[in-house]
Amino acid sequence: MLSYRHSFHAGNFADVLKHIVQVEILDYLGQKDKVFDYIDTHSGAGLFNLNSEHATKLGEYLNGIAKLNESDFPELREYFRAIKVHNDSEQLEYYPGSPVIAQHFLRNEDKAWLFELHPTDFELLNENIRQTRRVKVRQSDGFEGLLSVVPPISRRAFVLIDPPYEIKTDYDKVFKVVAKAHKKFPTGTYAIWYPVVDRHRIEKLEKSFANSGIKDIVRFELGLSADTAEHGMTSAGMIVINPPWTLKAKMEKLLPKLVNAVNENGTAFYKCDTWVPE
């Protein structure tokens, strides 16, 4: 089932939302002296050429990162800085994936655990990541990898869970794995990306978390159009457990601006709500 390649979708609106949330969490964790671990369960290739055959075939980045003017989003300074590192000029040619963005924010004392199962993307990830004693790249199942490294020695960590959801059972698997990881390590920050292809699956996921006993869960979603029975992703979101206290307030102001940026047909929308309070 390893057919999904993120290179076809790099830099799209879903990536923009995911990576903005990721950057906000990483930046917050880095403001304190105490070390932390970064765990990426589905790392992908790490860096994507937007002029490649894959990226230009669908051109999804054109209604994603290409729609954001840095001057209009001063609050996203760190996000744009992480992108600029991989572009020699003002021209946007490369878009970093989550592990490369994370490496931009990690300090020398912080650790990273990067998991990727797809053989081709694993090779690319190895090329795009500077492996060190503190940055580990593993070709293995990210769900199993997560459960093998929590709780981290630092007792302070950010877990990014971003499966392709190629298999419908992945929605249930995400919840079950997060519940197990949270039981082992309840103080970590978990950010779970999801696509909206069938809204019913997201509603079921919400009910599962609401009944889990896990506290302090927020959700941010960005959509291009209303839910539909047609095939394809209409919106995407991030579920965050134990978010930084600053995150929700910032996203409440930012999401309307993102909607305006990607609102090609007048149907874009956002969601910003609390699934489970503290």
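Q: How many of the contacts between residues at least 6 apart in sequence join residues at least 24 apart?
A: In this predicted model, 78% of the contacts between residues at least 6 apart in sequence join residues that are at least 24 apart.

Q: And how many helices and strands does the protein have?
A: The protein has nine helices and ten strands. Its radius of gyration is 17 Å, which is close to the 19 Å that the globule rule gives for 278 residues, so the protein is as compact as a globular protein of that length.

Q: What does the C-alpha trace span along its principal axes?
A: The C-alpha trace spans about 45 × 40 × 40 Å along those axes.

Q: What about the surface, and how many of the residues count as buried?
A: Of the 278 residues, 52% count as buried, while the accessible surface comes to about 13100 Å², with 49% of that area belonging to carbon and sulfur atoms.

Q: Changing topic: which residues does UniProt list as "binding site"?
A: The unreviewed UniProt entry places that feature at His-19, His-42, Ser-98, Glu-116, Asp-141, Gly-142 and Asp-162.

Q: Take His-19, then. Where is His-19 placed, and is it buried or exposed?
A: His-19 is in helix α1, which covers residues 13-29, and its relative accessibility is 1%, which falls under the 20% cut-off for buried, so His-19 counts as buried.

Q: What is His-19 in contact with, leaving aside its neighbours in sequence?
A: Once neighbours within four places in sequence are left aside, His-19 is in contact with Tyr-79, Tyr-95, Pro-96, Gly-97, Ser-98 and Ile-101. One of these, Ser-98, is also among the positions that UniProt gives for the "binding site" feature.

Q: Where is Asp-162 found, and is it buried or exposed?
A: Asp-162 is found in the loop between β6 (157-161) and α7 (170-184). It is buried, with a relative accessible area of 12%.

Q: What does Asp-162 touch?
A: Not counting residues up to four places away in sequence, Asp-162 touches Lys-18, Thr-41, His-42 and Trp-193. With Lys-18 there is also a polar contact, in which the two side chains come to 2.5 Å.

Q: Let's move to a strand. Why is β8 described as largely enclosed?
A: Seven of the seven residues of β8 are buried, so the strand is largely enclosed by the rest of the structure. Ile-217, Arg-219, Glu-221 and Gly-223 point one way from β8, whereas Val-218, Phe-220 and Leu-222 point the other way, and all of them are buried.

Q: Which strand pairs with β8 in the antiparallel sense?
A: β8 pairs in that sense with β9 (residues 235-241) over seven bridges, and seven bridges also join β8 to β10 (residues 269-276), where the strands again run antiparallel. Val-218 illustrates both pairings, as it stands opposite Val-240 in β9 and has Thr-274 as its bridge partner in β10.

Q: Where is Lys-271 found, and what is it in contact with?
A: Lys-271 is found in strand β10 and is partly exposed, with a relative accessible area of 29%. Apart from neighbours within four places in sequence, Lys-271 is in contact with Arg-199, Arg-219, Phe-220, Glu-221 and Leu-255.

Q: How many residues apart in sequence are Lys-271 and Leu-255?
A: They are 16 residues apart in sequence, and their C-alpha atoms are 8.1 Å apart in space.

Note on methods
Residues are numbered from 1 along each chain as its sequence is written. This is a predicted model: local features need pLDDT of at least 70, side-chain atom pairs count only at pLDDT 80 or more; totals for chains, interfaces and linings use all residues. Side-chain values use heavy atoms; hydrogens and water are left out. UniProt positions are given in the numbering used here, feature names are shortened, and annotations may be inferred rather than shown by experiment. Helices (H or I, at least four residues) and strands (E, at least two) are DSSP runs, numbered from the N terminus. Buried means under 20% relative accessible area, exposed over 50%, partly exposed in between (1.4 Å probe, protein chains only). Contact means heavy atoms within 4.5 Å. A polar contact is a pair of N or O atoms within 3.5 Å; within protein, one must be able to donate a hydrogen and the other to accept it, and residues adjacent in sequence count only if both atoms are side-chain atoms. Two strands pair if DSSP finds at least two bridges between them. The radius of gyration is taken over C-alpha atoms; the globule rule is 2.2 Å times the number of residues to the power 0.38. Accessible areas come from the Shrake-Rupley method with a 1.4 Å probe; for residues, only the protein chains shown count as cover.
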